[in-house]
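These are my notebook entries on one protein model. I record what I looked up, entry by entry.

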Amino acid sequence: MKSYFDINGDGGSNVVAQVVAKREQIAKSLAGVRHMLAIGSGKGGVGKSTLTMQIACALRAAGAAVGVLDADLNGPSQARLAGLSAAPLVPGRDGLVMPRTIPGIGVVSMGLVVPESQSLDFVSFAEGDAFVWRATKEFGLLGDFLAGVAWGELDYLLVDLPPGAERTLQYAEFLGAQTALVLVTIPSDLSRGVVSRSIAGLGKTKNRLLGYVENMSGYACGGCGSIRPLFPRSAAIDLGIPCLGAVPFDPDLAVACDRGEALRDDPTSLTWQAIRRVADAIRGTLEES
């Protein structure tokens with residue numbers, strides 16, 4: 001019996017060549033994407049997925065070609081947010097064809113494949129050890145999406161990351177230095193503290209961190225046309241990166257998300273106008289680079 005140190009190279013598995021081939025396939029598939037932008041947080045429950053779709057809608061309303069990749073494989077929400085839960089992924093000439101929303105936003109999500117009543121499962125020959133290999137399987141599946149979808153010509157591909165400060169770092173490294181990041185927080189010291197950990201971790205990567213968005217920054221009062229406080233005033237931990245905008249909590253947006261609808265392009269909507277300003281800031285920063 002040979003020990004690990006007795007094996008030369010990759011033991012004949014040719015794993016290096018397989019990795020290189022997959023990376024080449026991903027690069028070819030994404031060749032028509034001008035900007036990749038991952039939206040993460042580190043903290044769960046801050047409205048990151050909602051903001052991802054609404055920013056996509058604002059970019060699309062400005063005339064950009066936009067796609068959304070739901071990288072939260074275990075808790076996908078983009079299919080519901082887009083109103084595409086019943087739209088399957090079907091093969092086409094150049095790869096899997098993205099279902100599109102009525103405005104034309106392409107969406108790829110495990111929510112298109114796995115119903116909300118089921119969990120994402122991988123075939124395993126052992127029980128009770130998923131913590132050992134599951135992350136590898138997940139990144140393999142994400143790589144299959146990146147390589148196997150016909151992304152086409154896109155101005156922006158937004159990637160909705162799963163929660164977790166360490167996951168934000170892992171996905172940034174997996175997606176590569178060409179992917180910029182935006183982080184989402186809410187106006188609480190607890191949330192900002194966790195997001196600060198994500199910022200510290202991303203400082204060790206080559207990815208460009210554009211800034212952060214403060215979500216649920218007040219309560220949009222439809223009856224009085226003003227934004228009222230939602231969280232108590234705090235010391236407001238300085239995140240040390242640009243703030244790209246603040247978006248208030250809006251009950252109308254919550255209802256629209258459950259229905260798979262976007263907010264209307266309404267000049268009287270404080271929330272929609274805030275989202276548009278965030279999208280404009282992101283677009284301006286990316287186009288300048």
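Which residues in H4 meet which residues in H5? I found that Ala-135, Glu-138, Phe-139, Leu-142, Gly-143 and Leu-146 in H4 meet Arg-167, Gln-170, Tyr-171, Phe-174 and Leu-175 in H5, where contact means heavy atoms within 4.5 Å. By class, I noted seven nonpolar, two polar and two charged residues in the contact of H4 with H5. Here Ala, Val, Leu, Ile, Met, Phe, Trp, Tyr, Cys and Pro count as nonpolar, Asp, Glu, Lys and Arg as charged, and the others, Gly among them, as polar.

Entry on provenance. The model is predicted, so I kept in mind that local features need pLDDT of at least 70 and side-chain atom pairs count only at pLDDT 80 or more, while totals for chains, interfaces and linings use all residues. Residues are numbered from 1 along each chain as its sequence is written, and side-chain values use heavy atoms, with hydrogens and water left out.

Entry on the geometry of H4 and H5. I looked up the axes of helix H4 (residues 130-148) and helix H5 (residues 165-175), which come within 12 Å and cross at roughly 40 degrees. H4 is therefore oblique to H5; angles under 35 degrees count as roughly parallel, over 145 as roughly antiparallel, 65 to 115 as roughly perpendicular and the rest as oblique. The axes are lines fitted to C-alpha atoms, for helices over the stretch in contact, with angles from 0 to 180 degrees between N-to-C directions.

Entry on the whole chain. I counted eight helices and ten strands in the protein chain; these are DSSP runs, helices being H or I of at least four residues and strands E of at least two, numbered from the N terminus. The radius of gyration of the protein chain is 20 Å, close to the 19 Å that the globule rule gives for 289 residues, so the chain is as compact as a globular protein of that length. That radius is taken over C-alpha atoms, and the rule is 2.2 Å times the number of residues to the power 0.38. Along the principal axes, the C-alpha atoms fill a box of roughly 75 × 45 × 40 Å. Of the 289 residues, 47% count as buried (under 20% relative accessible area, with exposed over 50% and partly exposed in between, for a 1.4 Å probe and protein chains only). Among contacts between residues at least 6 apart in sequence, 77% join residues at least 24 apart.

Entry on H2 and H8. Helix H2 (residues 48-61) and helix H8 (residues 270-288) pack at an angle of about 75 degrees, with their axes 9 Å apart. I therefore recorded H2 and H8 as roughly perpendicular to each other. By class, their contact has ten nonpolar, one polar and two charged residues.

Entry on Thr-52. I located Thr-52 in helix H2, where Thr-52 is buried with a relative accessible area of 0%. Leaving aside neighbours within four places in sequence, Thr-52 is in contact with Ile-39, Val-68, Gln-78, Leu-158 and Asp-160.

Entry on Val-108. I found Val-108 in strand S5 (residues 106-108), and at 0% relative accessibility Val-108 counts as buried. Beyond neighbours within four places in sequence, the contacts of Val-108 include Val-68, Met-98 and Trp-151. The C-alpha atoms of Val-108 and Trp-151, 43 residues apart along the chain, are separated by 9.7 Å.

Entry on Met-216. Met-216 lies in strand S8 (residues 209-221) and is buried, with a relative accessible area of 18%. I noted that phi of Met-216 is near 55 degrees, a positive value in a residue other than glycine.
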